[in-house]
Amino acid sequence: MLALLALLAVTGCAARPTYTARHFTADQRGPSASPQPSAGRTGPPSTSPSASVPPAYKSLAWYLAQVPDFPEAPPPQRVPLPASGAAPFWHRVPTEQKVAFITIDDGGLARPPAAIDFIREARIPVTMFLNSPAAAAHTDYFKQIEAAGGVVENHTITHTSLSGRSYAFQKHEICGAAEKLAELFGKRPTLFRPPFGNRDASTLRAAHDCGMKAVFHWSETVDKGKVRYQTPTKLVQPGDVLLMHFRPALMDDLLGALKAIYRSGLTPALLEDYVN
Ligand SMILES: [Zn+2]
């Protein structure tokens, strides 16, 4: 009987994931990991599913436990910017350093609160290309990601496809968003991503005239945790820019991007450390 009690005590302890205890306080654990009455100690062992499923599954602790152990990022070497009347348009950063860049777009659709903690705790370098009305409506959320190390950049006011529109229209969209974002965050954006990646010569001229150093497309996209590659090698290349959005699955997208970058032998780095 004593042996049975001892066994129950041991398995009861083992059922708790140790990483939650190591990294987090109780209030940061998943909802099912909150303190429960110590029924297991005096009564029979519970056979309900909640007792066997790891309580922290898909909690912040679960995501943090999945983050790969990256090699240290190299000291960033800034890339030269072409001196011309138009901003360069890049699918990737022209660098051979073993780094890749995570970018998150839009901001109006969904803003998972746990992403703030995930970005801060895992030290994920992120660049946020925001539409200025979404940034204005949810400034506190984006400021918290900024405080966690993220950087706010420009993604127009109205998220309209710019290609084919007049220079004046495009300049209003780019300069207007830059000014609003500067007012909200106290720092004017220096990078621009056109909605849908659509651009023409006027876009690159207007971006330059609004003070944008470079206009970014992307190399890979991430959605619902799945990375879509542009090349059959299915590897992230040095300098690649990964695109995801502020959507409900942002946590999975961040984790998917981190795993893909790790598998490719790269380390995530901050876009603004390379282009500024
Ligand atoms: Zn967008």
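The model is predicted, so I noted the limits: local features need pLDDT of at least 70, side-chain atom pairs count only at pLDDT 80 or more, and totals for chains, interfaces and linings use all residues. Residues are numbered from 1 along each chain as its sequence is written, and side-chain values use heavy atoms, with hydrogens and water left out.

I took helices (H or I, at least four residues) and strands (E, at least two) as DSSP runs, numbered from the N terminus. For exposure I used relative accessible area: buried is under 20%, exposed is over 50%, and partly exposed is in between (1.4 Å probe, protein chains only).

Which residues of α8 are buried? In this helix, residues 139-147, I found Thr-139, Tyr-141, Phe-142 and Ile-145 buried. Seen down the axis of α8, these buried residues fall within an arc of 165°, so they line one face of the helix. The arc is taken from the directions from the helix axis to the C-beta atoms. On the other side of α8, Asp-140 and Ala-147 are exposed.

Next I checked what covers the buried residues of α8. The cover includes α6 (114-121), β3, α7 (132-137), α9 (167-185) and α11 (250-263). Contact here means heavy atoms within 4.5 Å.

**Strands β3 and β4**

I moved on to strand β3 (residues 126-130), which pairs with β4 in the parallel sense over four bridges. Two strands pair if DSSP finds at least two bridges between them. Phe-129 has Glu-153 in β4 as its bridge partner.

Then I looked at which way the residues of β4 (residues 151-154) point. Val-151 and Glu-153 point one way, Val-152 and Asn-154 point the other way, and all are buried.

His-159 is partly exposed, with a relative accessible area of 21%.

**The disulfide**

How many disulfides are there? I counted one, taking a disulfide as a pair of cysteine sulfur atoms within 2.5 Å. Cys-175 and Cys-210 form it, with their sulfur atoms 2.0 Å apart. Cys-175 lies in helix α9 and Cys-210 in the loop between α10 and β6, so the pair ties together parts that are 35 residues apart in sequence. The torsion about their S-S bond is about -105°, so the disulfide is left-handed.

Is Cys-210 buried or exposed? Cys-210 is buried, at a relative accessible area of 2%. Cys-175 is buried too, at 11%.

**Thr-203**

My last stop was Thr-203, in helix α10 (residues 201-209). Thr-203 counts as buried, at 0% relative accessibility. Leaving aside neighbours within four places in sequence, Thr-203 is in contact with Leu-162, Gln-170, Ile-174, Phe-192 and Pro-194.
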